[in-house]
Amino acid sequence: MELLNINELHINFSTNGGQVQVLSGFCLDIQKGNSICLVGESGCGKTIVALSIMRLLPENAQISGKIRFKDRDLLTLGKEEMRRIRGHEISMIFEQPSSCLNPVFTVGDQIAEAVRANEECEKKEARESAIALMKLTGIPSPEKRFGQYPHEFSGGMLQRAMISIAMASKPALLIADEPTTSLDVSVQAQMIELIKDLIAKFDMSLLLITHDLGVAAELCRDVVVMYAGEIVENGGLNEVFDHPRHPYTQALLKAISDGELRPIRGTVPELTHLPEGCRFHPRCPYAKEQCCYLKPDLINGVRCHLWKKC
Ligand SMILES: Nc1ncnc2c1ncn2[C@@H]1O[C@H](COP(=O)(O)OP(=O)(O)OP(=O)(O)O)[C@@H](O)[C@H]1O
Ligand SMILES: [Mg+2]
């Protein structure tokens, strides 16, 4: 069953430097219970996709297209209706958990607050539910931890607290934007296990944003590879990672082979000065003449004039 469908999403920002086209005709389908990751270099528009779904884009953004969630177009909903979806049916976790927690309230109170935002209940019940959520997300001694402040939590524990808040509503869709990036490697592995357990237990769909292809492989069935505001390749994760067709996907995978990150030659184009034709052609080792002026469409999961030949 289809849960989320993004169709022809275009997002521009008006800036002092002119119009910036950050997403061009972005499309995505998320089925109930599926997990999809968005990968691509910094600045390619991954977070913008997430913020569009949450309707949390900055004021200077112009949006067109459709974002259908359970048969409602999120882009046409009023503020109040959207608030009912955000944090209830769709929750989001971010790279920096500290930015989502208020330093002057205890962690437990903030989780209990999220519980009360989702169901009418007495303070005592909300506290019990919050403690249960802390237990669910692996926070040790939750009764004691309930009364502690964010600064008393380690990065990994804060991330668990943020996941507790996100899980308070048992959302149908969890959006996780670089959930493991700020954590130590050992804590990263625990976080992957936790997210994996939660999506299985609650039959949640996951939209994961990461530049870590290892994390993507652990958590997701499908992958969407983005470059300069558009999809260059998508499909089943194993298939794409084992047989990448787009030269950018090939370069991205090569960049982390042997566990080492080697930069791809060249840089991502300025979104104010996107190249004609294929946006990747200035960096592409296989670029032919037509790539410089003819824009390729996304056909059978790959946006490349030459994929059969390279
Ligand atoms: N308010 C804004 N005004 C103008 N441009 C913006 C604004 N917010 C983001 N952008 C631009 O939109 C593009 C996409 O940004 P986004 O944050 O989605 O990238 P990302 O793929 O999430 O990168 P990262 O991996 O570094 O998080 C970037 O080039 C960024 O500079
Ligand atoms: Mg981002």
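Helices (H or I, at least four residues) and strands (E, at least two) are DSSP runs, numbered from the N terminus. This is a predicted model, in which local features need pLDDT of at least 70 and side-chain atom pairs count only at pLDDT 80 or more, while totals for chains, interfaces and linings use all residues. Residues are numbered from 1 along each chain as its sequence is written, and chains are lettered from A and ligands numbered from 1 in the order in which they are written.

Ligand 1 is surrounded by 16 residues, the closest being Phe13, Ser42, Lys46, Thr47 and Ile48; a residue is near a molecule if its C-beta atom, placed from the backbone, lies within 6 Å of it.

Helix H4 (residues 123-136) has 14 residues and reaches 20 Å from its first C-alpha to its last, close to the expected 20 Å, which is 1.5 Å times one less than its number of residues. Ala126, Ser129, Ala130, Leu133 and Met134 are buried in H4, that is, 20 or more other C-beta atoms, placed from the backbone, lie within 10 Å of their own. These residues lie on the same side of H4 because they cover an arc of only 145° around the axis, taken from the directions from the helix axis to the C-beta atoms. After H4 comes Gly138, whose phi is positive, near 80°.

Note on methods. Buried ≥ 20, exposed ≤ 12 C-beta atoms within 10 Å, placed from the backbone.
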